[in-house]
Every structure is written in C-alpha cells, then in structure tokens.
Amino acid sequence: MKHTISVTFEHSFNTLSRIAGLFSGRGFNIDSISLGTAEKEGLARMTLTTRGDERIIEQITKQLNKLINIIKVVDLTFEPFVERELALIKVSASPSVRMEIMQIVSIFRAKIIDISPKSLTIELTGSADKVNASISMLKPFGIIETARTGSVALRREFQGKT
Amino acid sequence: MERAIVNKAENPDEKPNSTETGFPVQPENEKMSGGEILICALLDEGVDTIFGFPGGVLLHIYDVIYHKPELRHILIKHEQGGTHAADGYARATGKAGVVLVTSGPGATNTVTGIATAFMDSIPLIILTGQVPFAMMGNDAFQEADIIGVTRPITKHSYLVRDVNELGRVVQEAFHIATTGKPGPVLIDLPKDMVAQKGYYNRLKKMKIRGYNPVKNGHFHQIVKAADAINKAKKPVFYVGGGVNFGNASAELTELVEKSNIPVTTTLMGLGAVRSDHPLNLGMLGMHGTWAANMAVSECDLLIAVGSRFDDRVTGRLNGFSVKSKKIHIDIDPASISKNVTVDIPIVGDVKNVLPKLTELVERPDISAWLQKLDSWKEAHPLKYAHRDDTIMPQYVIEKISEITNGDAIVVTDVGQHQMWTAQFYKFNRPRSLLSSGGLGTMGYGFPAAVGAAVGRPDRKVFCIAGDGGFQMTSMELATAVKYKIPVKLAIINNSFLGMVRQWQQLFFDKRYSHTYLKDSNPDFVKLAESYGATAFRIQRPREVVPTLQKAMEIKNGPVVMDFIVAKEANVFPMVPAGAALYEMIEDEN
C-alpha cells in the first residue's frame with residue numbers, strides 16, 4: 001500500500017544522497033520525493049511516497065531514523081494529514097478546443113499561466129489523485145509536457161473531538 | 001605548539017534530553033594548521049596508534065606526525081591491510097581503530113576493510129586525504145569521490161571544508177563510531193584545508209541533534225521478557241557479537257547462570273560465554289553444533305541477545321525456530337523484526353538491559369529440557385576422524401587451543417579453517433575471536449591479527465588462515481617483521497579454496513572449478529623467510545605440538561607455520577543452502 005512519509009533533516013550535501021542511497025541500496029520503492037527548507041534555518045523537510053507491506057515500511061522508517069542527520073521521521077499514512085502536489089501541464093490547444101480545456105481547468109480549480117497559439121500551460125495543485133485525474137482529462141487534447149513536484153504533506157491539526 | 005586543554009565529554013550520554021547545545025571552546029588564540037588540529041584531536045580522543053600509508057595530499061599531516069612521536073604510526077603495506085589492522089585493533093581493544101590513507105587509490109583500497117567493519121559493527125575512523133577543495137569534481141590526479149563510494153558502508157561521513165570545523169568533526173566522528181550500534185565513520189580531508197591555519201575547536205558537550213541512541217531498555221518490556229523467561233519450559237539464549245563487542249560478557253554469564261538456561265552463540269558471539277561452560281551448546285547456524293541447532297529449532301522461548309538473525313544463523317527462514325516465542329534485545333531498532341518477527345523486542349544496550357533482566361528472572365524448572373539437550377550433545381558431538389599419517393585441520397586447531405589454554409586472541413580468515421576454529425577452539429574470554437562474520441572477507445585475518453597484536457601486547461595473538469585467503473594480504477608480513485609484532489600465523493594449507501571446494505564436492509559432483517591452488521601456491525616458508533620472518537613447514541601430526549611450542553617461544557616477530565593438512569576434509573555439521581537448521585547433514589554419507 002501507498003505510504004506518505006515526512007522526514008525532517010539537517011540540510012547537508014551528504015544527507016540527500018544518503019537517503020536516496022538507502023532506497024536504492026535496500027531495494028525500497030520511491031514513488032515521489034520532494035523537499036525544501038523547513039521552518040528552522042538549516043533544516044529541510046522531505047515528503048516521500050512509497051509502497052510496501054508493513055514490514056518494509058517499518059524497515060524504511062527505521063533505516064531513515066538511523067541516518068545521523070535525520071531528525072524526525074513520521075509515517076503520515078494512518079494519521080489525518082493534508083497533502084498537495086503542484087503540477088504544470090502544457091497541453092496542445094488550438095483555438096477550437098481552448099474553451100473546452102478552460103472548462104476542465106475551472107472544474108479542477110486550476111489556472112492557466114501561459115498561452116500560445118498552439119498551447120496552454122496549466123498550473124494545478126491538489127492531491128496526487130486530483131493531479132492524475134486532471135491529466136487524464138486533458139490527455140485527449142494532447143499533453144506536450146508535464147512537470148510535477150511530488151506530494152508535500154503535513155499532519156492535520158485536530159479541531160475538536162475525534 | 002601548545003595543546004588545547006578542554007573538558008572532554010566524559011559521558012556523552014549524560015543528558016540525552018538536554019536542549020543545551022554544545023558550544024565551541026576556544027582556549028587559545030594561537031592558530032594551528034589543519035594537520036596539527038587533526039593529530040591533536042586524535043590524541044585528545046585517546047588514540048595511541050594509527051595505521052597509515054602516506055601520499056601526496058597527506059604531506060602536511062605526515063609532517064606533523066614526524067614531530068609527534070606520542071602518536072604511534074604503523075606503516076602498512078596496503079591500505080586494505082591497514083583498514084583490517086585498524087579493525088583488528090578495534091575488536092581487540094574496544095577502542096575505535098584509526099586508519100589514515102591518501103586520496104584516490106589510497107582511499108578506494110580501504111573499501112573492503114570499511115565494508116567488513118560495517119557489517120560487523122566495528123568502530124573505525126577512516127581518514128582519507130582529498131585533493132584541494134577547488135579541484136574537487138574536476139577529475140584531478142588521484143581524485144575519487146570516496147564519500148560517494150563509501151556511503152552505503154559507513155555509519156556516517158564528513159567532508160571537512162572549514163579548518164575551524166575539523167576539531168569538532170573528529171570529536172563527533174569518534175562519538176558516532178563508538179556509540180549506539182558502532183560502525184565506521186569516514187572523514188575526507190582536502191589538502192588545502194589541512195594546510196590552512198585555523199582554530200582547534202571542540203564541543204564541551206557532545207550533542208548531535210539527529211543521533212540519540214537508546215541505551216536503557218524499556219522497563220515494561222524487560223518485565224514482560226522476564227515473565228516469559230520464568231514461564232518457559234524450553235528456553236534458549238541465542239547470543240551474538242553485540243554481547244562480545246558490547247562488553248557484556250560478564251552480565252550475560254550472570255544471567256545464564258542465574259536462570260540456568262542453555263546458551264548458543266553465533267560466530268561473532270563466541271567467547272561471550274566460556275566454551276566449556278556446561279550450559280554452552282556451542283555455535284549455531286550453518287556449521288553449528290547439532291545440539292545448538294536442534295535447541296533453537298525445538299525451543300519454546302528464544303532469547304536473542306545482541307544478534308541480528310543473519311541468514312547463516314537462521315537457515316531457511318520459515319523453518320527457523322517456529323515453535324518459539326521470541327525476545328530480542330538489540331541496540332539497533334532496525335535489527336528488530338527485520339528478518340524474523342519477534343514477540344518481545346527490547347531496544348537498548350545489552351550491557352544495561354541484561355542486569356535488569358537478571359534481577360527479575362528466576363530459575364524456571366527446565367530439567368527435562370536440559371536432559372534432552374544433554375542427550376543431543378552426547379549423541380551428536382563435533383567430531384572428525386583423526387589420522388596418524390596426515391594432519392587433520394581440526395587437530396591443528398585443537399592443539400592451538402590446548403597450547404594457548406583458550407586464552408589467545410584468535411584471528412581467522414574466511415573459509416573452512418574459520419568454521420573449524422569456531423568449532424574446535426575453546427574460547428575462555430570475550431573479544432577473543434576476531435573474524436569477518438558479516439562480509440566474509442578473505443584476506444581479513446593476517447592484517448587484523450597484526451592490528452590486534454599492536455593493540456593488545458599483553459595477549460597472545462594467533463592468526464589462523466587458509467592458503468587461499470592469506471595470499472590476499474600476505475604482504476603485511478613485512479609490517480609484522482618491521483614492527484616486531486609477535487603474531488603466530490597458522491596456515492591451514494589444504495591446497496584448495498576449501499569451502500568452495502566442499503560445496504563443489506557436495507553439490508556439483510566434485511567438479512573442482514578453479515578451486516585447486518597447489519600449482520599456483522608459493523612456498524610459504526620461503527615467502528615468510530624472504531620477509532625476515534621465522535617459518536616452519538609441518539607435514540606430520542606428530543610435528544604439530546612441538547612446532548607450536550617452538551612458535552610460542554618466539555616473541556620478537558611473526559612466526560609462520562605452514563601446516564600441510566588433509567586436502568579434502570569437510571566442515572560438518574552443515575545446513576545446506578535453503579534448508580532449515582534441523583535439516584543439517586552430519587557427514588558425507
């Protein structure tokens with residue numbers, strides 16, 4: 001099953017390759033990986049999505065925790081969490097189909113950020129599922145290029161009682 | 001040059017939850033070169049000996065070493081040997097071993113040694129020279145991305161860009177290498193950084209944010225474990241290198257004796273409990289004793305202590321100790337339930353956990369179980385057919401065991417002789433069998449024995465090696481001669497890569513593909529003599545003991561004994577690949 005894991009680490013030249021090396025060396029899957037600076041200086045947060053049975057996911061989190069520069073590893077999968085991915089999608093769009101594409105864009109609450117006589121570039125944020133759904137809706141028009149960030153995620157803060 | 005006087009963190013784990021960050025101490029205004037800082041930092045970590053080999057980017061460091069006789073430098077012949085020597089030193093002394101090598105090929109030659117130490121969780125500090133920082137990444141002469149190369153086989157690594165950071169980095173490296181689950185830490189030292197002047201800064205308090213190894217086991221879990229032990233009818237301890245190299249041999253023996261529960265050890269765990277202890281069943285696993293393997297297969301409670309359920313121990317996983325509840329005490333959370341699911345995990349240092357467990361356990365009534373084990377021991381002892389005309393390899397090891405009273409540090413290479421040593425040497429003390437258990441590195445034995453003898457001049461050091469493996473690092477004989485290191489080397493010479501030959505005999509119809517060495521082996525006596533070592537060739541059983549006695553008297557350098565043994569002797573019992581422990585074969589028939 002798919003797991004979303006949030007990793008906080010001290011940003012150094014070595015850490016990212018150690019994390020990547022862990023996955024390749026031990027044969028773990030990475031579906032997506034995204035990282036950027038975290039709330040404190042010198043810290044970075046990475047969100048990675050991976051697949052595996054319970055034993056493999058347990059190994060992944062334990063092995064990540066063993067890395068010296070990693071400060072915190074949280075498997076968000078079984079907790080409420082918010083997840084977003086940003087995608088830029090360049091679709092071929094002749095004037096005759098533009099309106100149709102714009103309707104799809106509005107359904108997915110996306111934005112058009114670039115336009116040319118033959119194409120539209122769409123900015124979309126949402127869960128990975130939403131991004132996948134919009135891409136499949138746009139596919140019939142001809143997708144020229146896509147750039148996706150991979151999921152970023154944070155634990156949801158509870159309001160009220162469970 | 002005045003040395004910085006700083007307060008070393010006596011007990012780095014003193015305040016594991018302290019939010020106070022360590023701050024740098026700058027006790028003096030005088031600047032030092034990176035090389036000076038490095039050597040001072042090593043001395044401040046209590047290092048007395050390093051193994052090394054010079055090179056272009058190390059010139060500044062070697063110039064400091066030239067002026068610092070208080071740091072003993074052992075010049076090795078090859079960086080692989082140097083790394084194994086540092087590893088042997090670490091296993092024998094319990095301190096981190098240090099090896100210093102140059103950039104590029106010097107650094108890549110350490111890779112096998114680092115991987116060996118990593119697999120067996122041995123604290124090593126590998127200091128690699130690096131090309132000047134500005135040239136890094138430009139494919140400079142003797143440049144290798146050694147941090148990249150060694151990333152999967154080091155516990156941690158540092159590239160030091162700022163000379164002012166070097167003191168702290170060395171301090172952190174020793175802390176990381178020696179605490180938690182120990183392991184090798186590499187420090188890459190660009191030439192220009194080493195030449196620059198800077199301040200020697202040290203942390204007052206060791207605090208690494210992402211690194212807080214668990215020392216004390218969870219008390220609730222220890223109570224649960226004690227409860228399971230007290231209720232068990234057929235319990236057995238399965239003890240690994242964590243006890244041996246975690247200095248918990250006394251604590252374990254106390255627990256074993258109080259609970260009266262039998263114990264089996266892995267290769268790495270040999271010596272943690274005396275071999276002749278009545279509750280010791282011997283080694284388990286692929287070449288373990290019948291009693292140990294059956295005990296683990298039939299037990300109702302398996303208490304794993306500082307061991308990691310390696311495949312050579314477990315055999316076929318779905319046939320491993322299926323009837324038992326399992327307790328696992330280990331310092332590494334990732335070792336728990338990695339291969340075998342355990343019921344009561346205890347994460348912590350065995351040295352801390354075992355005494356707490358000892359307090360809580362009683363003596364469960366297991367007399368029927370002990371009787372059964374005794375009957376297995378009696379019916380299936382380790383055995384070999386002695387011959388009067390040919391030396392049996394097991395006989396040599398028995399005699400080495402007798403002549404050293406089981407008190408020597410025995411360093412093995414990898415192969416049949418390694419397993420025979422594990423079976424027939426009667427270890428009396430912990431940290432006495434040094435062997436590449438995890439990686440299985442041929443060529444490990446002799447250089448590691450050199451390192452062990454350097455670190456423990458008070459103990460006899462025997463190296464038992466095969467004729468194949470010894471040749472991978474035999475040049476370190478020169479090192480042993482030069483520094484008058486009294487290592488006794490017993491070559492168990494069967495003219496074969498014996499372990500591979502055994503598999504070819506049993507599973508490939510004796511097609512001995514590229515395992516026969518007779519036509520390429522050197523004359524080991526002449527080889528040893530050319531290095532200036534004393535050497536003997538022993539061809540008859542009756543010569544074995546007198547030669548060993550002669551060798552014991554030689555104390556000013558290495559002795560090489562070339563034992564010409566039976567060519568096609570096999571190691572038994574044996575659990576074939578893919579079989580369960582209880583499916584072992586006892587002999588050729």
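Begin the tour in chain B by selecting helix α11 (residues 249-259) and helix α14 (residues 350-360), whose axes come within 9 Å and cross at roughly 20°. Here an axis is a line fitted to C-alpha atoms, for helices over the stretch in contact, and angles run from 0 to 180 degrees between N-to-C directions. The crossing angle therefore makes α11(B) roughly parallel to α14(B); angles under 35 degrees count as roughly parallel, over 145 as roughly antiparallel, 65 to 115 as roughly perpendicular and the rest as oblique.

The model is predicted: local features need pLDDT of at least 70 and side-chain atom pairs count only at pLDDT 80 or more, while totals for chains, interfaces and linings use all residues. Residues are numbered from 1 along each chain as its sequence is written, and chains are lettered from A and ligands numbered from 1 in the order in which they are written. Helices (H or I, at least four residues) and strands (E, at least two) are DSSP runs, numbered from the N terminus.

α11(B) passes α14(B) in a left-handed crossing. A crossing is left-handed if the near helix is turned anticlockwise from the far one by less than a right angle, and right-handed if clockwise. Next, display B:Glu251, B:Leu252, B:Glu254, B:Leu255 and B:Lys258 of α11(B), which meet B:Lys351, B:Leu354, B:Pro355, B:Leu357 and B:Thr358 of α14(B). Two residues are in contact if their C-beta atoms, placed from the backbone, lie within 7 Å. This contact comprises five nonpolar, one polar and four charged residues. Ala, Val, Leu, Ile, Met, Phe, Trp, Tyr, Cys and Pro count as nonpolar, Asp, Glu, Lys and Arg as charged, and the others, Gly among them, as polar.

By class, the contact of α3(B) with α18(B) has 10 nonpolar, six polar and two charged residues.

**An enclosed helix**

Move to helix α17 (residues 416-424) of chain B. Is this helix enclosed or open? Eight of its nine residues are buried, so α17(B) is largely enclosed by the rest of the structure. A residue is buried if 20 or more other C-beta atoms lie within 10 Å of its own, exposed if 12 or fewer, and partly exposed in between, with C-beta atoms placed from the backbone. The buried residues of α17(B) include B:Met419, B:Trp420 and B:Ala422.

**The domains of chain B**

Colour chain B by domain: domain 1 (24-203), domain 2 (219-379) and domain 3 (393-574). These bounds come from an automatic or database domain assignment. The C-alpha centres of domain 1 and domain 2 of chain B lie 37 Å apart. Each of these two domains gives six residues to the contact between them. On the side of domain 1 of chain B that touches domain 2 of chain B there are no nonpolar, three polar and three charged residues.

**Across to chain A**

The contact of the two chains takes 14 residues from chain B and 16 residues from chain A. The chain B side has seven nonpolar, four polar and three charged residues.

Of its 162 residues, 26% count as buried.

Chain A is assigned domain 1 (2-75) and domain 2 (83-154), with 29 Å between their C-alpha centres. Their contact takes seven residues from domain 1 of chain A and six residues from domain 2 of chain A. On the domain 1 side, β1 (2-10), β2 (32-37) and β3 (43-51) of chain A each give two or more residues, and β2(A) gives the most, with three residues.

**Two last residues**

Select A:Lys66 in helix α2 (residues 54-66) of chain A. A:Lys66 is buried, with 22 other C-beta atoms within 10 Å. Finally, find A:Pro117 in the loop between β6 (111-115) and β7 (119-126) of chain A. A:Pro117 counts as exposed, with 7 C-beta neighbours inside 10 Å.
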